[in-house]
Amino acid sequence: MHSDVHIGVHMDPCGHMDADWLMSSTMSLTSSSVAGAELYSDSSSTASLDSSVFFSETTTSCVRDPLDFFTINVGGSRYVLSQELLASYPETRLGKLACCSRDSALELCDDADFLENEFFFDRNSQTFQYVMNYYRTGHLHVREELCEISFLQEIEYWGIDELRINPCCRERYYRRKEQKETLDVQREFEADDGDEDFVGAACPALRRRLWDLLEKPDSSRAARTFGSLSIFFVVVSVINMVLISLDLGEDFGMSDVGFGAPVLFDALEYVCVVWFTGELTLRFLCVRDKCRFSRSIPNVIDLLAILPFYVTLAVESLHGGTTELENMGRVVQVLRLLRSLRMLKLGRHLTGLKSLGMTIAQCYEEVGLLLLFLGVSISIFAMVVFALEHDIPTTTFTSVPAAWWWATTSMTTVGYGDIRPDTAVGKVLAFLCILSGILILALPIAIINDRFSTCYFTLR
């Protein structure tokens, strides 16, 4: 079997190849076919290569100990490295190989030929060239055409820490690594909401078909129809919730119609809630692990979306005019606000909303830093503008909380105009406040956008 032998090229200061080195290298390649001890005793052996890549000494005539050099065979490509060079990196796999005994050498490599002092590794030979460069120069680079995830696995195998990557390649490497973490989070997300196991359960075939119908819109035409109906009822419910807040009977003259608009809206509300209740109930009956199902965030949202309707219905049926029940009715009116959670039910069917939720979950550190920067800047600008404006007779900065409100609306570029500075210095400060807000808000946009794109295409 033919295998490549990688040797270093020795150049003189003028850039020409050294004739003595060339002769020595030619003789060493010829002598490489000699087996056993002759390889080590020959004065022209590979161990005597005058190359700074492999050896720091230039001995061409003396006989060297076989353990002074190692032949590393990676995927059929052979590399010759000195023990002194490998021992200078004791934390790496080859550094440990250079310092260990022959008994423990097989634990660090796939195979070994102790007669020729050659060690075999079934790894990627192209990636090992970068490992070789690290041993030779102490610098670890990652080229653009390499897969950073595969490169990470390789350097972890060779025992090289990722912190050794040079700064010129570090930013690209860590960006790709974050994408890998995003994929890992996606796998965990799919594992949590993944396929149910109905083996050993009652009616496994029926429950499997029902589960596919409810949770896998792409599994069949009936499942796609069911998913489309779910989206339709969510949209109708949101529109109906908006129309209920309008007095359409008076505004549009619908009181003269045979049936009133409130009756139609209430009927639509009943139909939508019955659909949502049936959908949630079927899911609950299908799953085997009821506790895990109850802790799932989408299922909690589904429950909170229909719970206010039943609480309101129970309170209205028990209403007897007492003060306690009237107060309970006011609480129920507040609970009606939870109906807006029905819009979040679209996240079960729309990839974009799922991607948004995953992005927010993964970028909590960046969002936290953004809120920290905004909080500090708002406090500074609020205190300064209050000190400048509170002595003006017609000032709107009557207190520090009012100044906080002004700084918040200014830094977020909303600018209601209800509170504004009157002095020239205050207006200059307002300009700096708005400019700072734009810069602070723009800082995490690139990171969040990159995460969102990764999550979206992963889910697609």
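**View 1. Surroundings of Ile-72 in the predicted model.** Once its neighbours within four places in sequence are set aside, Ile-72 is in contact (heavy atoms within 4.5 Å) with Ser-77, Arg-78, Tyr-79, Leu-81, Leu-94, Leu-97, Phe-119, Phe-121 and Phe-128. This is a predicted model, in which local features need pLDDT of at least 70 and side-chain atom pairs count only at pLDDT 80 or more, while totals for chains, interfaces and linings use all residues. Residues are numbered from 1 along each chain as its sequence is written, and side-chain values use heavy atoms, with hydrogens and water left out.

**View 2. The largest nonpolar core****.** A nonpolar core is a set of buried (under 20% relative accessible area, 1.4 Å probe, protein chains only) Ala, Val, Leu, Ile, Met, Phe, Trp, Tyr and Cys residues joined through side-chain atoms within 4.5 Å. Of the 35 residues in this one, Ile-72, Leu-94, Phe-119, Phe-121, Phe-128 and Trp-158 touch the most other members. Elements giving two or more residues include strand S2 (69-74), strand S5 (118-121) and helix H6 (125-137), helices (H or I, at least four residues) and strands (E, at least two) being DSSP runs numbered from the N terminus. With six residues, H6 gives the most to this core.

Methods
Buried < 20%, exposed > 50% of the residue type's maximum accessible area, 1.4 Å probe, protein only.
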